[in-house]
Amino acid sequence: MSRFFGPIFGLLLSFVVLTHSNLAQAAACCGGTSAAPGLLTGDDTHQLTFSASSSSVIGDMPEQGWAVYRSSSTSEVTQSFRFEGAMLVSESWQIGLAVPLIRKEFTSLRGSDSATSLGDLSVTLAHETWPEFGYSAWIPRGFTFLSVNAPIAASIYETTRPGAVDAIGSGFWRVSAGALFLKSWNSWDVSLFGETHYSFTRNFQGYFGAERLWVSPGWGMSAVLGAGWSFASAPVRLGARFQPILNQGRNTWYDSGTHTPSASQLVWNSGLDLSWLASPEWSAVAAYTDQTWLGPAKNTTLSRTFAFNLQRRWPR
Amino acid sequence: MKKIAFLTSAWLAALLPVTGFSFEAQQQKQAQCPIEFKKVGQCASIEWRVAPKIDAYAEATLKFWSKKNGSPTGPFENPDCKQLAVSLWMPSMGHGTSPIRLTIRETGIIDATKIYFSMAGLWDLKILLKNGNQVLDQAAVPLSLTGKHEN
C-alpha cells in the first residue's frame, strides 16, 4: 500500500508545504511576500486548508553591512490563521480564495502592544496546463496561475498604533502570475514554483501629518525549489525547500514632487517540513521556515516561522 | 622635484587654517542651531532620553527657539505653526513606522515618546511645521541604527 501511495503522497504533500511560504512573510513592516497560492494538485474536486503559524523577527539585514540580531528582551511576533479554499470549475480550471486572520504583537521592556485583524484577501485562477496523461520518467505535471491580492488590511503606511502592530497588510493591489511543476519517483518528489508579481501604485492621504504620499512598489518575483522523501512504511514525508524572494525598490513621492527611491529587497526562506497523509481526504504538515540559513539577504527583517497546516480534500 | 614638493607643502599649509577655520565655524553654527527651520527662522534641538534602539521605543525631547533671539539654552518658543508633525522615515525601505506621540511639556519644549524603529538601518526623523495641509517648513535628522541594540 505504501509503495502504491508513495508518489501520490509526494505530489499532494509537496505542494501543501509550498503554501507555507505564504506564512513566512518576511517583515512586519514590509509585507514582502511571495504569492504561492493553495492549488488543487491531486485528483480532487475541492479542498480546504487551515494554516496556523507563528513568526518571530530575530534580526535585520540593512541595505548595507551585516545582519543585526535582536535581543531576547524584545519580541515582534506575527501569528497567522489562514483559511484557504480551492475548487475545480472544469476539468482543468480551478479557483481559490484565501482569507488570513493575523495577530501582531510587539513586546519590549517598556510594555506590549498588539492588534488582530483580517489580512489581505487573495483570489486565484489556475489551470492544469501540463497534465500527466501517461507515465513519464521526467515530464512533470504543471500548473499555471493568476492571483490577485486585495489590500483589505491596514499597511505600514496607515498604521496608527505604537509598534506598528496594526500594519498587517501589504497595502497594495497586487497581481501575480506563475507556474508550478511537480514530479515524483517512488519515494522522492521534487517541486518547482516560480512567480512574478506587480504591485500597483497607490496614494496615502496625510501620511504622518505630511501631504499626500504616493508609493509605487512595482515588480517582484519569488521561486520555490522543494524536494521530499516519503517513507515506505508510513504515510509520512520529510521535505526541504528553498525560496528566494526579490522585490524592486519602492518609488515614493509627494504631491509637491519630493521623490525618494528606496532600495530593492532580497530574502531567502529555507524550510523543513514533516507531512502526514492521514487518509486520501486528510493531511497535516508541520513546517519550520528560517530566513537566516541562506543568503545573501538585503534590506529586510529576518524571521523564523513555525507553521501547522491541516487540509481536507474531496476526491473525485 | 624638490620645488614641486615645496610648492605643494606650501599650498597645503596655506589651505589648512582656512579649512580648519571653516570647520570650526560650521561646528559652532551647528551647535547654536542643530536643526534649522530656515523659512520660519527657528532652530531646534533633540535630546534622547531613551536612546534609539532597534525594535524598542525611544524617547526624546525637542526644544525650539528663535534663531535671532534664542539659543540652545533658551528662551524657548513654540514652533511657529498650527501643527507639529514628527515622524520616522526609512529611505531604503520606502516607508516609515508607527506615529510618534507628542506632548507639550512647556513653551517650546515637546516630549516625543513611542518612537519605534522597526528595524536596523538608516532612518530620518522628520519634523514638519504645518498649517493644515500646508507645510511651512521641515527638517530631517538622519539616524543610524546599525549596532546590536541594548537591553
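How do strand β11 and strand β14 of chain A pair, and over how many bridges? Hi everyone, let me start there. Strand β11, residues 213–216 of chain A, and strand β14, residues 251–254 of chain A, pair in the antiparallel sense, over 4 bridges. If you want one bridge to look up on your screen, take L213(A), whose partner in β14(A) is Y254(A). And please keep in mind throughout that this is a predicted model.

A word on confidence in chain A. Its mean pLDDT is 86, with 87% of the residues reaching 70 or more. Residues 1–6 of chain A have pLDDT below 50, and beyond near neighbours in sequence that stretch has 8 contacts in the model. Residues 19–35 of chain A also stay under 50, and there the model has 82 contacts beyond four places in sequence. I know we all like to zoom in, but where pLDDT is low, the predicted coordinates should not be read in detail.

On to chain B. Of its 151 residues, 34% count as buried. Among contacts in chain B with a separation of 6 or more, 54% come from residues 24 or more positions apart.

Let me pick one residue there, A139(B), which is in strand β9, residues 134–145 of chain B. Is A139(B) buried or partly exposed? With 18 other C-beta atoms within 10 Å, A139(B) is partly exposed, because buried would take 20 or more. Leaving aside neighbours within four places in sequence, A139(B) is in contact with I35(B), E36(B), F37(B) and I127(B). For scale, A139(B) and K67(B) are 72 residues apart in sequence and 15 Å apart in space, C-alpha to C-alpha.

Last, where the chains meet. The contact takes 30 residues from chain B and 37 residues from chain A. On the chain B side, β4 (83–90), β5 (95–96), β7 (109–116) and β8 (121–131) each supply at least two residues. By class, that side of chain B has 12 nonpolar, 14 polar and 4 charged residues.

Note on methods:
Residues numbered from 1 in each chain as written. Chains lettered and ligands numbered in written order. Predicted model: local features only at pLDDT ≥ 70, side-chain atom pairs only at ≥ 80, totals over all residues. Contact = placed C-beta atoms within 7 Å. Nonpolar A, V, L, I, M, F, W, Y, C, P; charged D, E, K, R; others polar. pLDDT = per-residue confidence, 0-100. Buried ≥ 20, exposed ≤ 12 C-beta atoms within 10 Å, placed from the backbone. Pairing = 2+ DSSP bridges.
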